[in-house]
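Subject: Structure handover

Hello,

Here is the structure for you to look at. My notes on it follow below.

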Amino acid sequence: MASDLPSPTEPGPAGTFRLRTERSAVGLERLGLWVDEIAARLTLGVAVEYALRLCLEEAVANVVMHGVPVPGTDANWIALAVEPVADRLRLTVTDRCAAFDPRSAPEPDIAGSDDRVGGLGIHLMRRYARDVFYAREGPENHLTMTIPA
Amino acid sequence: MQLETEEIAPGVTRAKLIGRLDIAGARAIDLPFSVLVGSRRALIVDLSALEFIASMGLRTLIMGAHAVKSKHGRMVLFHPPAAVEAVLVSSGTDKVLPILHDLDEAVRAVSG
């Protein structure tokens, strides 16, 4: 299925950058390099690049660490798209794990004595993205964010 | 991601984080940082060369703070770039880890 997608380092039709990568630590490392490439090609400012990197890393990390595969469904990949639209970037993260709306995560409680620190990722995504939308379409989770460019 | 340490005053260690503290960076330094927070009671974490931090990096710092505090030690963050400081403040990390921009003040804070 990967062959029907543009090269990770090339913008697709209408200027959309796409990456299909492993749902694993390797995929996260590939994501970092992909963001480097997008930032260079779009000559993004420091703040926009930071927001792009942070929102994508948090979203993908959430799927890698917490995604629950559905029996009979190939959940070993994550598809990403970054689309420049007017004065913003629209980011889409698609996976085939079990339905999960990351917006439902509780607010973080980092001051507690418990060593477990959760909920920071979605908290930061809400802070750095203008909008965070979630939809379940068939077997796929679609998380869409927009960040000011 | 690199972690460099030096003793900058008697009993006071400065740990400098260099690079991106993303997931890959956090994985790279988690073990040496855990050893550090487990063995120091006065720790200044120098963030001046930190280019990026996300939630996994925050988790590393916060758990380090809990570890130092459990031994009645003190840990502060020193001189993060503006973009990194914005994440620290937005996440509330500054409420459990003071952010200081003056090194002498940081040394006094952990020496107390």
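The model is predicted. Its scores are ipTM 0.87 and pTM 0.88. For chain B the mean pLDDT is 94, with 100% of residues at 70 or more.

In chain A, 34% of the 149 residues count as buried. Among its contacts between residues at least 6 apart in sequence, 62% join residues at least 24 apart.

I then looked at one helix in chain A. α1(A) covers residues 25-41, which is 17 residues. The distance from its first C-alpha to its last is 25 Å, close to the 24 Å expected at 1.5 Å a residue.

Which residues of α1(A) are buried? They are Gly27(A), Leu28(A), Leu31(A), Trp34(A), Val35(A) and Ile38(A). Viewed down the axis of α1(A), these buried residues lie within an arc of 115°, so they line one face of the helix. An α-helix has 3.6 residues a turn, so residues three or four places apart point the same way. On the other side of α1(A), the exposed residues are Val26(A), Leu33(A), Asp36(A) and Ala40(A).

The partners of the buried residues of α1(A) come from both chains: β1 (17-22), α2 (46-66) and β2 (77-85) of chain A, and α1 (23-37) of chain B. After α1(A) comes Thr43(A), with a positive phi near 45°.

Regards

Methods: Residues numbered from 1 in each chain as written. Chains lettered and ligands numbered in written order. Predicted model: local features only at pLDDT ≥ 70, side-chain atom pairs only at ≥ 80, totals over all residues. pLDDT = per-residue confidence, 0-100. Helix = DSSP H or I, 4+ residues; strand = E, 2+ residues; numbered from the N terminus. Expected span 1.5 Å × (residues − 1). Buried ≥ 20, exposed ≤ 12 C-beta atoms within 10 Å, placed from the backbone. Arc of directions from axis to C-beta. Contact = placed C-beta atoms within 7 Å.
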